[in-house]
Amino acid sequence: MIGSHYPILQVVVPLVAAPLCSLLPKSKLPWLFATVISWLTFAISLALLVQVKNSGALIYELGDWPAPWGIQYYIDTIGAFVLVLVSLIASITLLASRELIEKEIAQEKHALFYTAFLLCYTGLLGIVATGDAFNVFVFLEISSISSYALIAMGENRKALTASYEYLIMGTIGATFILIGIGLLYMQTGTLNMLDLKQRIHEVDGFRSVHAAFAFFTVGICLKLALFPLHHWLPNAYAYAPSAVSIFLAATATKVALYLLYRVFYTIFGFEFSFDTLHLGYILLPLSIIAMVISSFTAIFQLGVKRLLAYSSLGQIGYMTLGIALETKAGLIASIIHLFNHAFIKGALFMCMACLLSRLHSTRITDLAGAAQHMPWTCAAFVTAGLALIGVPLTSGFISKWYLVLAILEKDWWWLAVIVLFTSLLSVVYIWRVIEQMYLREANSHSANIKEASPILLICTWLMVIMTIYFGIDNSYPVNMATHAAEALLK
Amino acid sequence: MIDYLINHYNYWVSILLMMAGLYIVIDHTNLIKKLIGLNIFQTSVFILFISMGKVDGGTAPILEQGYSSFSNPLPHVLILTAIVVSVATTAVGLALVVNINRCFQSIDEQEIEKIELEEE
């Protein structure tokens, strides 16, 4: 019985849990509560994935109101896939976060931190689960507003200015999406995504639909941090509390990418987006610039968290590049990289959290000789770093492999060269960190530094093992991505 | 031409407000003024939505004898939600500015940037 209500439970459970969490007393309880809730929602997302696999896309009508009048939740393969990804990463992050939060955030704010975290998590799940265009805007703002608060809790005062900048850019982006929704509603009279998909073809010659398309493109690319709209991201990731960096780096831009798939493939449809309005012409150059410039910028960063943030911008370039190829193979490569990169970046930021908990700094020069005292953390960083570069036997290789295959299918060998060249750039910036960790003498005052706590290490290695596992046995993500891409292109 | 301008005046108003708001966000260095600009920008979108639902000669959508034409209430309801979102954003933004002022002793973007650069 309850199985039929999973789509709404997925979103409502953390939403209801968030305010309850703020009422809990100052103790371990808020952490325990948030962690239990996140694992519970992870279980729900797994159940949803099984349901979608067995019986196809799920449609859930809120309060039993029929479609164009009531709000509908719509979960297909890509949706279920992203839900599992987001909830798994949130669960691992929350499990690891207790120690980090105790060090980085004042005791009286703990309950509020977990409340904001759960709200942000709710927002991200909601964007994925909903089938209603206006609902997307509401969930987008729930997740954004709580993430502004989360980022502002960072120890460094620069966290405040980073958060402020994100607030300005994020609000402009969300408002652009709102304008897009409004213009579509004006022409079609519906907000339901499946309904929009049907009706948009009757009105796709109208200027207001074209304007809506433009507003959606800019708004989503702002949230996605695609070059040149990326300026808010590096500082936000670098100065946020470690747990927040891990969670946002691994999920927030991925959900924005999901929204891009949803809007341009499901609502507008492939033909309108790519053949009539040539979205690929915009995404292709921007993705290439993002890949090259962000990777170069990453090389010159002094702080490793900022370095990883710039690397994320480059990786987003790979994902949008897959879309810009305008082929099924490209879309599959994009989805696979979305999945793999979430674990790779999650693992790398998790290593940063481990290092920060012992060395109290992630400046590149302060990591000198870290491998002597923290061998497990550094080994995890090396493995995840290799995955980021795309070395065989790691999941990063699978992503690059499918991306390059998709490019060669179009005979754009020059583009394949650029992709390989940017991979070389990532060798350079990852090597800079590894060199400090392994080849430099440790600072004299770091003699009594111990390995990070077991729970942090377990969570880090959990993500690292995922990247290795999906590098060797890639059948699961590849099948999922193929299935999802077929459904999106239909 | 004049007719065209007058008949679409609701769009002109919202476009004017939208551009004014965006300009303030981009041009001003005072963090509070930026937030005010952001508010004007959002408000312009609310006006766009609300004016969209108006039907000429239409009345409130309550079934009553003698009325046959109704304005669409849905955009109004949507904007009610969007106003709440905008209030929340402004509240978080102002809270951030208060904290920025406490930590940097300034709410001017360029001065803060200077302080941040000196730190590095």
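This is a predicted model: local features need pLDDT of at least 70, side-chain atom pairs count only at pLDDT 80 or more; totals for chains, interfaces and linings use all residues.

Biologist: At what angle do helix 2 and helix 3 of chain B pack, and how far apart are their axes?

Modeller: Helix 2 (residues 9-27) of chain B packs against helix 3 (residues 31-52) of chain B at about 160°, and their axes are 7 Å apart. Because angles over 145 degrees count as roughly antiparallel, helix 2 of chain B is roughly antiparallel to helix 3 of chain B.

Biologist: Is that crossing left-handed or right-handed?

Modeller: The crossing of helix 2 of chain B and helix 3 of chain B is left-handed.

Biologist: Which residues meet there?

Modeller: Helix 2 of chain B contributes residues including B:Leu17, B:Met18 and B:Gly21, while those from helix 3 of chain B include B:Gly37, B:Phe41 and B:Ser44. The residues of this contact comprise 13 nonpolar, six polar and two charged.

Biologist: Turning to chain A, how do helix 17 and helix 18 cross?

Modeller: The axes of helix 17 (residues 395-409) of chain A and helix 18 (residues 413-439) of chain A cross at roughly 160° and come within 8 Å. Helix 17 of chain A is therefore roughly antiparallel to helix 18 of chain A. Their crossing is right-handed.

Biologist: And what is the area buried between chain B and chain A?

Modeller: The buried area is about 2900 Å², with 80% given by carbon and sulfur atoms. In this interface, 38 residues of chain B are in contact with 28 residues of chain A.

Biologist: How many salt bridges are there between the two chains?

Modeller: The count between chain B and chain A is zero.

Notes:
Residues are numbered from 1 along each chain as its sequence is written. Chains are lettered from A and ligands numbered from 1 in the order in which they are written. Side-chain values use heavy atoms; hydrogens and water are left out. Axes are lines fitted to C-alpha atoms, for helices over the stretch in contact, and angles run from 0 to 180 degrees between N-to-C directions. Helices (H or I, at least four residues) and strands (E, at least two) are DSSP runs, numbered from the N terminus. Angles under 35 degrees count as roughly parallel, over 145 as roughly antiparallel, 65 to 115 as roughly perpendicular and the rest as oblique. A crossing is left-handed if the near helix is turned anticlockwise from the far one by less than a right angle, and right-handed if clockwise. Contact means heavy atoms within 4.5 Å. Ala, Val, Leu, Ile, Met, Phe, Trp, Tyr, Cys and Pro count as nonpolar, Asp, Glu, Lys and Arg as charged, and the others, Gly among them, as polar. Buried area is the accessible area (1.4 Å probe) that two parts lose on being put together, summed over both. A salt bridge is a side-chain nitrogen of Lys or Arg within 4 Å of a carboxyl oxygen of Asp or Glu.
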